[in-house]
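I opened my notebook to go through this fold piece by piece. Here is what I looked up, in the order I went.

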Amino acid sequence: MKRVYISGYRSYELGVFKEDDPKIKIIKNVIKKNIVQLIEEGLEWIMLGGNLGVEMWACDVCIELKEDYPELSLAAIFPFEGFGEQWNEKNQTQLMKLKTHADFCEATSHKPYETPQQLRNHTQFLLSHTDGALLIYDEEYPGKTSYLHKDIKKLQEQGNYELWQVTMDDLQNYQEHY
């Protein structure tokens with residue numbers, strides 16, 4: 001497992017609107033625990049698509065982990081040119097942090113947003129360039145990640161693709177034990 005795509009809920013889907021929300025600390029700790037285990041098994045690259053929420057929190061975790069694991073590389077792959085330009089200043093600051101700390105930064109479409117097909121192409125690109133995905137996602141609480149989850153399930157039926165899924169129960173259990 002050399003390359004892993006990390007994704008999951010957007011911050012608003014979890015009701016997270018402040019940077020000091022305790023849910024963020026729990027999610028970051030779960031992401032960190034999973035990444036460290038994957039690094040010990042040979043992980044080299046973390047791929048992120050730049051979405052607010054789980055992906056940005058994963059960015060923070062990667063930045064922190066690079067101090068102890070300098071061999072870990074971070075890729076930011078956006079769906080189109082100008083991704084996030086319409087976001088407010090606070091969110092653009094998060095996006096800039098990802099761009100600044102990424103070892104590789106690119107967009108799958110070199111045009112501004114035109115059609116939903118750009119988003120589908122982006123997902124397919126990330127899945128075809130990774131060996132597995134870590135998703136903070138629970139089918140009982142659907143959100144935008146449901147599309148990605150379905151694509152991963154199809155990919156798993158066709159061949160060799162790993163999925164590490166963290167559900168709401170997993171997050172609750174983690175909170176109770178740590």
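This is a predicted model: local features need pLDDT of at least 70, side-chain atom pairs count only at pLDDT 80 or more; totals for chains, interfaces and linings use all residues.

Entry: In what order do the six strands of the open sheet come? I read E4-E3-E2-E1-E5-E6, with parallel pairing. Strands E4 (104-107) and E6 (162-166) each have a single partner strand, so one side of each is left without a neighbour in the sheet. On average, neighbouring strands here are turned by 20° against each other, direction ignored.

I then picked out one pair. E1 (residues 3-8) and E2 (residues 45-48) run parallel and are joined by three bridges. In this pair I noted Arg3 opposite Trp45 of E2.

Why call H2 largely enclosed by the rest of the structure? I found 10 of its 12 residues buried, and that is the reason; buried here means under 20% relative accessible area. Among the buried ones I wrote down Val54, Met56, Trp57, Asp60 and Leu65. The cover over the buried residues of H2 includes E1, H1, E2, E3 (73-78), H3 (89-101) and E5.

**Entry: the nonpolar core.** Which residues of the largest nonpolar core touch the most other members? They are Ile6, Ile31, Ile35 and Ile46, out of 56 residues. H1 gives the largest share of this core, nine residues.

Leaving aside residues up to four places away in sequence, Ile31 touches Ile6, Val54, Ala58, Val61, Leu134 and Ile136. Of these, Val54, Ala58 and Val61 were already on my page as buried residues of H2.

**Entry: Thr123.** Last, I stopped at Thr123, which sits in H4 (residues 116-128). Is Thr123 buried or exposed? Its relative accessibility is 15%, and the cut-off for buried is under 20%, so Thr123 counts as buried. Not counting residues up to four places away in sequence, Thr123 touches Leu148 and Asp151.

Definitions and conventions
Residues are numbered from 1 along each chain as its sequence is written. Side-chain values use heavy atoms; hydrogens and water are left out. Two strands pair if DSSP finds at least two bridges between them. Helices (H or I, at least four residues) and strands (E, at least two) are DSSP runs, numbered from the N terminus. Axes are lines fitted to C-alpha atoms, for helices over the stretch in contact, and angles run from 0 to 180 degrees between N-to-C directions. Buried means under 20% relative accessible area, exposed over 50%, partly exposed in between (1.4 Å probe, protein chains only). Contact means heavy atoms within 4.5 Å. A nonpolar core is a set of buried Ala, Val, Leu, Ile, Met, Phe, Trp, Tyr and Cys residues joined through side-chain atoms within 4.5 Å.
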